[in-house]
Amino acid sequence: MIPTNCQNWLALGACVYADMSVSKALRMLGLVNFTKGVKQNHRKPIDVDKAIELREQGMTYQKIGEIMNVSFTTIRERLIEIGYNEVKK
């Protein structure tokens, strides 16, 4: 993750040294979404250890999401992010 106070400088450097448009530089840094303007991080925190424990008990992503009040996609993506690899039974 790039510190917030460095993002503008990185975008400026990309524009100057790479002869890149401002919008392209901001997109490369993950700061602009085409349709929604400035990207914001609204990720809901979850207890990943609890999710793993429930998953290893045989619960589906859907059921874990219901228990933790998030979508099954959130559960699946967070487990992928931390490198959780399920062993197929």
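Student: In which helix is G65 found?

Tutor: G65 is found in helix α4. The model is a predicted one, in which local features need pLDDT of at least 70, side-chain atom pairs count only at pLDDT 80 or more, and totals for chains, interfaces and linings use all residues. Residues are numbered from 1 along each chain as its sequence is written, and side-chain values use heavy atoms, with hydrogens and water left out.

Student: How are the helices and strands defined, and how many of each does the protein chain have?

Tutor: Helices (H or I, at least four residues) and strands (E, at least two) are DSSP runs, numbered from the N terminus. The protein chain has five helices and two strands, and from the N terminus on their order is α-α-β-β-α-α-α.

Student: Why is G65 called buried?

Tutor: Buried means under 20% relative accessible area, exposed over 50%, and partly exposed in between (1.4 Å probe, protein chains only). G65 has a relative accessible area of 2%, and therefore counts as buried. Of the 89 residues of the protein chain, 25% count as buried.

Student: Which residues does G65 contact, leaving aside its neighbours within four places in sequence?

Tutor: Contact means heavy atoms within 4.5 Å. With those neighbours left aside, G65 is in contact with V70, S71 and I75. As for A51, its C-alpha is 8.6 Å from that of G65, and the two residues are 14 apart in sequence.

Student: How do you know that the buried residues of α4 line one face of the helix?

Tutor: The buried residues in α4 are Y61, I64, G65 and M68. Seen down the axis of α4, they fall within an arc of 100°, and therefore line one face of the helix. The arc is that of the directions from the helix axis to the C-beta atoms. What covers these buried residues includes α3 and α5.

Student: Which residues of α5 are buried, and why are they said to line one face?

Tutor: T74, I75, R78 and L79 are buried in α5. Their arc, seen down the axis of α5, is 125°, so they line one face of the helix. Their cover includes α3 (48-56) and α4.

Student: Why are α4 and α5 called roughly perpendicular?

Tutor: Two packed helices are described by the angle between their axes and the distance between the axes. Axes are lines fitted to C-alpha atoms, for helices over the stretch in contact, and angles run from 0 to 180 degrees between N-to-C directions. Angles under 35 degrees count as roughly parallel, over 145 as roughly antiparallel, 65 to 115 as roughly perpendicular and the rest as oblique. α4 and α5 pack at an angle of about 105°, with their axes 7 Å apart. The two helices are therefore roughly perpendicular to each other. Their contact is made by Y61, Q62, I64, G65 and M68 of α4 and F72, I75, R76 and L79 of α5.

Student: How do the residues of this contact divide into nonpolar, polar and charged?

Tutor: Six are nonpolar, two are polar and one is charged. Here Ala, Val, Leu, Ile, Met, Phe, Trp, Tyr, Cys and Pro count as nonpolar, Asp, Glu, Lys and Arg as charged, and the others, Gly among them, as polar.

Student: Where does N69 lie, and why is N69 called exposed?

Tutor: N69 lies in the loop between α4 (61-68) and α5 (72-81). The relative accessibility of N69 is 58%, so N69 counts as exposed. N69 also has a positive phi of about 60°, although it is not a glycine. After α5 comes G83, whose phi is positive, near 85°.
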